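Here is a short walk through a structure that may be new to you. Keep the sequence and the 3D view side by side as you read.

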Amino acid sequence: MSGTAARAPLLELRDLAVRFTGPDGVARAVDGVDLTVAEGETVGLVGESGCGKSVTALAVLRLVDPPGHIAHGSSVRLEGRDLLALGPKEIRAVRGNHVALVFQDPLSALNPVLRVGAQIAEVIRAHEAVRRSTARWRAVEMLAAVGIPDAERRAAAYPHQLSGGMRQRVLLAMALACRPKLLLADEPTTALDVTIQAEILELLDALQRKLGMAVLLITHNLGIVAERTRRVYVMYAGQVVEQAPTERLFAQPAHPYTEGLLAAIPRLEERRARLRAIPGQVPPATAWPSGCRFHPRCPHAWEKCRADEPPLLDAGAGHKARCWLIEEPDKRKK
Amino acid sequence: MLGFVARRLGFAVVSVAAVVLITFLLVHAEPGAPMLGSPERTRASPETVARQRALFGLDRPLPEQLLRYAANLARGELGESFVLHRPVADVLAEAVPNTLLLGGTALVVSLLLGLVIGAAQAARHHSRTDTALGVLTLVLYSVPVFWLGLVLLLVFGERLHWLPVSGMTSAAIHDTLSPLGRALDVARHLVLPAASLALVQAAAFARFQRSALVDSLGAAHIRSARAKGLPERVVLWRHALRGALAPTITLAGLSVPYFLAGSVLVESIFGWPGLGRVTYDAIFARDYNVITAAALVAGVLVAIGNLLADVAVAIADPRVRLDR
Amino acid sequence: MSPWRVAARRFARNRPAVRGAAVVALMALAALAAPLVTADPLAQPDPVRLQDRPPSSTHLLGTDPFSRDVLSRTLHGARVSLVVGVGAALLAVTLGAGVGLVAGLAGRRTDQVLMRGVDVAMALPRILLLLAVLAVWENAPAAAVVVLIAATGWFQTSRIVRAAVLGLREADFVVAARALGAAAPGIVRRHLLPHVAAPVIVSASLDVGNIILLEAGLSYLGLGVRPPTPTWGNMIMDGKDVLLTAPWVALAPGLALVVTVVAFNLAADGLRDALDPRMAV
């Protein structure tokens, strides 16, 4: 855990901000995020819909479309290289090659009019100077590697001819075809049945070990995060509100939002009439609340929370939280 | 795939039959008799009208007329034109190819032009070029094709004398020219009428293609393609355009009725000797056989257009093939 | 805020669409006011001396070969175009929605039969049918033209509506309403119609421009509403013979057509973008 801190991180985001200009004003979807992923590490990025986690992943590869743009002052470094300063050709050489991005819904992420084998071969040929035939059999190999039976025949199939689980495997094959060092997986299992989910996650684990790849697992599913990640970042309202080694986060959450998320998970042993939901709603990105952005929904909030925005405060042992309770734990209401 | 085509073909036959049937009924339901024009305008006495109708077998019961027509049709016999005193088949054989030339050229030109403009707009979505082209296509789309024809005729034909204003050939010298010369002569006469038809329809295609491409470019798999590090050119052509091609092809196939309608208007302005002109004259002269035969040809052309559109879409989009 | 209010606001923010709607309103006003502010469009005051005069202070847009005032005729022509355009679009949409609703709500057999019929009907060349009927009908009133154009143009709407209804039939909220005992007509009115309304409105408004051009084409050929009643189409027909010597005779109605249709198309595009922003590009 702390051993990896000595080497330079594989991915380093510093003060990343992404803004969208729309008719209702400027939406600060990502507002000053610091995040690191070390080589071979699995890191979780957790949050509700609309907290900015997907946009963060897009920003890494500069795939944010207008009217969104990455704000000045943001820093995205891959192995020390500033990705935001790269020209179009150079950033394309990174995409799919050194860093791969896997999206949520495999059916819409795949081109419906092209065969899956061709879509995988396309990535290989975009980054490596190989012959068509070579790219083709490597694509078939990748399909086999992700556990698709009868890979040779399946390579000629169209996406809609495959089941959901198989399509997700195809997406993985496409992403890993060039052996990237980092995989950004945005909700890789949300569209799938629970049993298939487990299979895909196992597969991801195995491939990661084989390739020595780092994974940023972006999800709202705390269960997956608990099982599969080493460290976790929790996002709310465009900011990281808590970060910690996974075990510590689940055992001793420091931020009321994380506490709320964990408390909301229904447990079999408990007998409750109502689910414990976090009161209120996520505010719109065009109007984040003043002070601590969580204060309208926080059971412990006091005047300081309304007035001053807390920075990430150290809670010890690699654990940080953006909450004044770290400094004034006695303000915590019982 | 074969089954798909066979089904569409069967349907095409049914629709052509329906076209002929309905035209037949419409035509024979009209008062008056061939060559006498409308009852109000001619001063023919009822006896004359009755006699005229009997002469052409129009006093027989309708089902009998229909059967006779169908039987003749099966033999390839289209009847004779009452007005022109020639076999209908001959009249059509002369006129239809001219309309095919005019309409076909206009269709191809408008499709290409529309695709290019639409793609240019989509690639520069929301830029000044996009807006400017958008205004252009909107105006062209809103212009009546016959008025555009008149304006083009006025400007390029009469004022500037660049292009001929009437007919398909320069009658006086056409036969004296070499084959190449003759082709060029026809081509010169083709420019204005085809341009009138093509410009309006190109605007329609461009508007449609722009929206289809922008949709396509916004689709999730385009983002995926970019995330794979593919060059923008490949993303546009291989991924976005393929998806947007199918609806535009369908639109092209379905535009055949528009070109037929336009040809009626444009042919009369430019004196182009085609099916539109023939049909128009026949309707006013109550030349029943010609009208019905023209409807048949029109129905066939429309059916072919629809069929080709369906087949082309099935080729472009594999999801369609494997469905029913 | 109800979805209609949201759509209205979106429309209001779309400047070209608002301008288009304004022009349409102006045109309608001019058409309504025409008999009050301009001379009689049919009057031929002085066939010899006032024939084909260029625009002047007494005749702002000149006169035509029959010494009739072009401005007055153009404004009166707007009445026909607008009535036919809007009337036929509304009628066509009503017919199409009716058939589409029935097809979507009825059993498979009825649906199949209806849709096969629609498919065949769509294969008929519209222009041919219109030509055939109108060529014979000497004094067809504008109403007849409206009905004929509508009767030949409702097919696409029926497909759209049928598709929407089929999609909604199995939707959770409809099943829930039925489970709660709601009767069919109530479900149609309160749940289905609002969902279907949006694509129908868009379809109708996009049609108006095309119908206006279609009617103009028909009257250019001397069909439909015939002279001396002015329509933009038959004015162009009159004007084409004097195109070189008196171009304003054909130019005025032509420009009026272009402006009106552009305005309708702008407004229709705006309606489409406002009602379904996903389709907005």
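Where is the place of Leu114(A) in chain A? Leu114(A) sits in the loop between helix 3 (106-109) and helix 4 (116-127) of chain A. Helices here are DSSP runs (H or I, at least four residues), as strands are (E, at least two), numbered from the N terminus.

A word on the source. This is a predicted model, in which local features need pLDDT of at least 70 and side-chain atom pairs count only at pLDDT 80 or more, while totals for chains, interfaces and linings use all residues. Residues are numbered from 1 along each chain as its sequence is written, and chains are lettered from A and ligands numbered from 1 in the order in which they are written.

Back to Leu114(A). It is partly exposed, because 19 other C-beta atoms lie within 10 Å. The cut-offs are these: buried means 20 or more other C-beta atoms within 10 Å, exposed means 12 or fewer, and partly exposed is in between, with C-beta atoms placed from the backbone. Glu259(A) is 145 residues from Leu114(A) in sequence. Their C-alpha atoms are 45 Å apart in space.

Next, the contact of chains B and C. Here 40 residues of chain B are in contact with 31 residues of chain C. Contact means C-beta atoms, placed from the backbone, within 7 Å. On the chain B side, helix 1 of chain B gives the most, with eight residues. That side divides into 29 nonpolar, seven polar and four charged residues. Nonpolar covers Ala, Val, Leu, Ile, Met, Phe, Trp, Tyr, Cys and Pro; charged covers Asp, Glu, Lys and Arg; the others, Gly among them, are polar.

Now take helix 5 of chain B. It packs against helix 11 (residues 248-275) of chain C at an angle of about 120 degrees, with the axes 8 Å apart. Axes are lines fitted to C-alpha atoms, for helices over the stretch in contact, and angles run from 0 to 180 degrees between N-to-C directions. The two helices are therefore oblique to each other. Angles under 35 degrees count as roughly parallel, over 145 as roughly antiparallel, 65 to 115 as roughly perpendicular and the rest as oblique. Leu138(B), Val139(B) and Tyr141(B) meet Val258(C), Val262(C) and Asn265(C) there.

Gly134(B) is partly exposed, since it has 18 other C-beta atoms within 10 Å.

How values were computed
Two residues are in contact if their C-beta atoms, placed from the backbone, lie within 7 Å.
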